[in-house]
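Please read these points with the model open beside you.

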Amino acid sequence: MAQAQIALPSLQGNRLGNKVWRTLDERLSLHSLAYPVPDYANTIPYTLGGITLFGFIILFATGIVMTQFYHPHPSEAHDSVTYIITQVPFGDFIRSIHFWTANLVVVTALLHLLRIYWTGSFKKPREANWLVGVALLALTIGFVFTGTIIKWDQEASEALSHFKEIGELLGGFGVLFSAEFSRSIPLLTRLYTTHITILPFLFLGLVAVHLFLVKTLKISPKPTENARAGDGYAPDQKMGNFAGHIRRMIGFGLILLAIAALLSYFFPAPLGLKAVPGEEVTKPPWMLLWLYPIENVLGVAGILYGGIVFFILLALVPFIDRSPWLAPSKRRGMIVGLIVTIVILVALLVLAIVSVPVTHTTGG
């Protein structure tokens with residue numbers, strides 16, 4: 001039980017809390033989840049991963065509520081979303097929290113990725129955890145894309161047309177994306193099932209691996225001027241306790257929920273009109289909007305190739321930056337590469353915003 005002391009300091013002075021903790025710990029071995037936490041890991045930049053996970057818990061909870069009223073069939077889907085908004089008690093608010101939390105989660109996930117990149121936390125021996133994080137980001141985008149489709153308005157219909165054409169571009173690998181794969185179940189229903197079962201299953205599995213690697217490899221050292229990959233914590237590094245670290249992440253997560261609630265109150269989640277086949281008048285969600293100018297040049301293939309290149313480059317980061325140094329000042333080439341990438345993405349976003357929607361798909 002020696003490791004339990006990592007988690008107990010926050011409960012000192014609270015006899016009931018200590019008793020509850022010890023009772024649960026004896027039966028669930030909760031102390032085995034604890035790991036050393038340096039003080040700097042309690043700052044917002046180092047808790048962005050935990051904040052993102054808290055956001056997903058909100059998404060799962062609100063999603064479970066909405067599944068009780070959503071009908072995943074093309075003839076009923078849009079009306080069932082309207083029913084959630086207009087008839088279900090607090091339905092519009094719950095849907096809006098789901099919508100805004102999804103947006104905020106993408107922001108915190110990207111900031112988390114940037115923090116890891118900036119501090120060199122992907123370096124040896126943490127390369128595998130970087131790859132797991134890249135896979136989690138890809139799943140997050142998958143949640144966004146399938147979530148866009150299942151609301152079944154005009155934007156959703158156009159997104160589905162793109163989905164089908166990407167499946168055709170993939171040839172045999174895209175058979176799962178085609179309506180012909182299962183004629184007994186509409187493609188919308190299959191994507192809904194993917195959204196609420198397959199993606200969460202993969203997500204939770206990767207999160208378990210991610211957390212296991214964090215516990216095993218510990219939080220990366222602070223990127224001081226002389227810090228190197230594989231170093232332990234500095235001898236004078238002040239350490240906190242695991243319970244305080246978890247409490248801090250939950251606190252920031254509750255702030256995320258409060259922000260989502262405020263946005264939901266003042267700006268309820270939008271829902272477009274029922275789809276009009278043969279039209280393409282919308283643009284992708286902002287998370288995918290940077291691909292729009294590429295699509296204007298290369299067609300739907302631009303989405304596929306642009307996305308593949310983006311995630312391949314992310315996956316290669318630990319294998320490109322092989323220097324032992326963690327400090328950004330000693331990794332100028334990688335930092336310049338990051339800045340150039342951000343400038344390109346922002347430029348693509350601006351081009352997408354000012355461009356006029358055009359038809360890209362044969363079904364759109």
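**Notes on the predicted model**

1. In this protein, confidence is lowest in helix 1 (residues 15-28), with a mean of 77, and highest in helix 4 (residues 91-119), at 98. The score is pLDDT, the predictor's confidence in each residue, from 0 to 100. Helices are DSSP runs (H or I, at least four residues), numbered from the N terminus.

2. This is a predicted model: local features need pLDDT of at least 70, side-chain atom pairs count only at pLDDT 80 or more, and totals for chains, interfaces and linings use all residues. Residues are numbered from 1 along each chain as its sequence is written, and side-chain values use heavy atoms, with hydrogens and water left out.

3. The protein averages a pLDDT of 90, and 95% of the residues score at least 70. Over residues 1-13, pLDDT stays under 50. Where pLDDT is low, the predicted coordinates should not be read in detail.

4. Helix 5 (residues 127-150) packs against helix 10 (residues 301-320) at an angle of about 165°, with the axes 9 Å apart. Helix 5 is therefore roughly antiparallel to helix 10 (angles over 145 degrees count as such). Axes are lines fitted to C-alpha atoms over the stretch in contact, and angles run from 0 to 180 degrees between N-to-C directions.

5. Contact means heavy atoms within 4.5 Å. The contact residues divide into 12 nonpolar, no polar and 1 charged (Ala, Val, Leu, Ile, Met, Phe, Trp, Tyr, Cys and Pro count as nonpolar, Asp, Glu, Lys and Arg as charged, the others, Gly among them, as polar).

6. After helix 5 comes Trp152, whose phi is positive, near 60°.

Conventions:
Helices (H or I, at least four residues) and strands (E, at least two) are DSSP runs, numbered from the N terminus. Angles under 35 degrees count as roughly parallel, over 145 as roughly antiparallel, 65 to 115 as roughly perpendicular and the rest as oblique.
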